[in-house]
Amino acid sequence: MTREAPAGVPAQATEWLARIEDAGINASAPREQLWVDGWLVRRSPGKAKRARCIQPVAPGRLGIDDKLSQCLPLYAAAGLQLYVRITPFAQPPGLDRHLAALGMARIDDSLVMALPSLDGVDPDESAASSAGQDETRFENVDSAAFAEWVGAARGSSPGERAAHAERIVRAPVPHTAVVVRDGRGVVVSGGQVAIEGSLAGLYDIFTIDEARGRGHGERVCRHLLGTARRLGASAGYLQVDAANERAKGIYRRLGFHDAYSYHYRTPAS
């Protein structure tokens with residue numbers, strides 16, 4: 001399948017961005033998914049929309065309305081809202097315009113950022129913050145424990161936390177998680193990296209409210225990218241809320257640049 005380059009991106013970069021998109025889809029693969037005429041229909045009961053949405057990756061044979069008519073009952077049966085993830089690679093062409101014409105609302109504008117090389121990321125470089133290296137320590141944790149911590153910190157329900165844990169424990173792409181404890185032993189920050197071949201994806205970078213503004217998030221990113229480099233990765237990517245200027249500033253300091261945007265369409269309530 002030929003993929004069109006995102007607007008403003010040189011054609012030669014299309015395959016690179018397509019690899020990032022594929023890696024992100026693989027890293028978030030839930031057990032609860034099926035194939036409907038070119039669309040990956042995901043129905044994880046977790047909180048992350050990327051694991052409980054339609055990923056329209058191939059044009060298929062049926063019309064858009066026909067496919068929606070098959071997918072809507074699947075989400076209703078699972079007790080979930082239907083979301084369609086719209087990227088520059090979404091298939092068939094014109095999908096977003098068609099869904100908009102049906103009255104489906106556009107929500108959650110997001111940005112994929114890319115880091116072409118991990119060579120310039122120094123995991124030992126101190127972040128410009130008041131967080132002293134001697135006051136905190138990194139601790140590797142298993143995926144289930146990490147999902148429980150980050151879910152609780154974000155206010156996710158027990159069911160959402162359990163679904164998140166199951167998804168990353170069973171993921172086809174290995175995830176490595178780390179948390180940061182302060183001098184009291186309290187976990188104040190954490191994140192995980194999913195490594196597929198040469199690509200390292202940062203996920204669930206989170207710092208609790210009382211510890212923000214001290215450089216913990218940047219240190220977690222540097223630590224995870226350093227881990228990924230030691231494990232053979234050479235480039236990085238991540239997904240971030242397009243309106244989260246603070247997070248984007250951290251990622252840009254690390255060398256990430258804007259790659260392409262995406263959003264979701266959902267039936268209007």
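This report walks through the aromatic pairs, nonpolar cores and cysteines of a predicted model.

Residues are numbered from 1 along each chain as its sequence is written, and side-chain values use heavy atoms, with hydrogens and water left out. Because the model is predicted, local features need pLDDT of at least 70 and side-chain atom pairs count only at pLDDT 80 or more, while totals for chains, interfaces and linings use all residues.

**Aromatic pairs**

The structure holds 7 aromatic pairs. Rings of Phe, Tyr and Trp (its six-membered ring) pair if their centres lie within 6.5 Å; planes under 30 degrees apart count as stacked, over 60 as edge-to-face and the rest as tilted. Here are two of the pairs:

| Pair | Centre to centre | Angle between planes | Class |
|---|---|---|---|
| Y83 and Y264 | 6.4 Å | 75° | edge-to-face |
| Y251 and F256 | 6.2 Å | 65° | edge-to-face |

Helices (H or I, at least four residues) and strands (E, at least two) are DSSP runs, numbered from the N terminus. Y83 is buried at 11% relative accessible area, and Y264 is buried at 4%; buried means under 20%, exposed over 50% and partly exposed in between (1.4 Å probe, protein chains only). Together with Y262, these two tyrosines form one aromatic cluster.

Y262 also has a charged neighbour: the charged end of R85 sits over its ring, 4.0 Å from the centre. Likewise, R212 lies over the face of F206, at 5.2 Å from the ring centre. The test asks for NZ of Lys or CZ of Arg within 6 Å of the ring centre and within 35 degrees of the ring normal.

**Nonpolar cores**

A nonpolar core is a set of buried Ala, Val, Leu, Ile, Met, Phe, Trp, Tyr and Cys residues joined through side-chain atoms within 4.5 Å. The largest has 34 residues, and W149, L202, Y251 and F256 have the most contacts inside it. Helix 6 gives the most to this core, with 5 residues. A second, separate core of 20 residues includes A18, Y83, V112 and L199.

W149 touches, among others, V179, V187 and F206 (heavy atoms within 4.5 Å), leaving aside residues up to four places away in sequence.

**Cysteines**

How many disulfides does a search of the whole structure find? The search finds 0, with a disulfide taken as a pair of cysteine sulfur atoms within 2.5 Å. C71 is buried at 0% relative accessibility, and its sulfur is 11 Å from the closest cysteine sulfur, in C53, too far for a bond.
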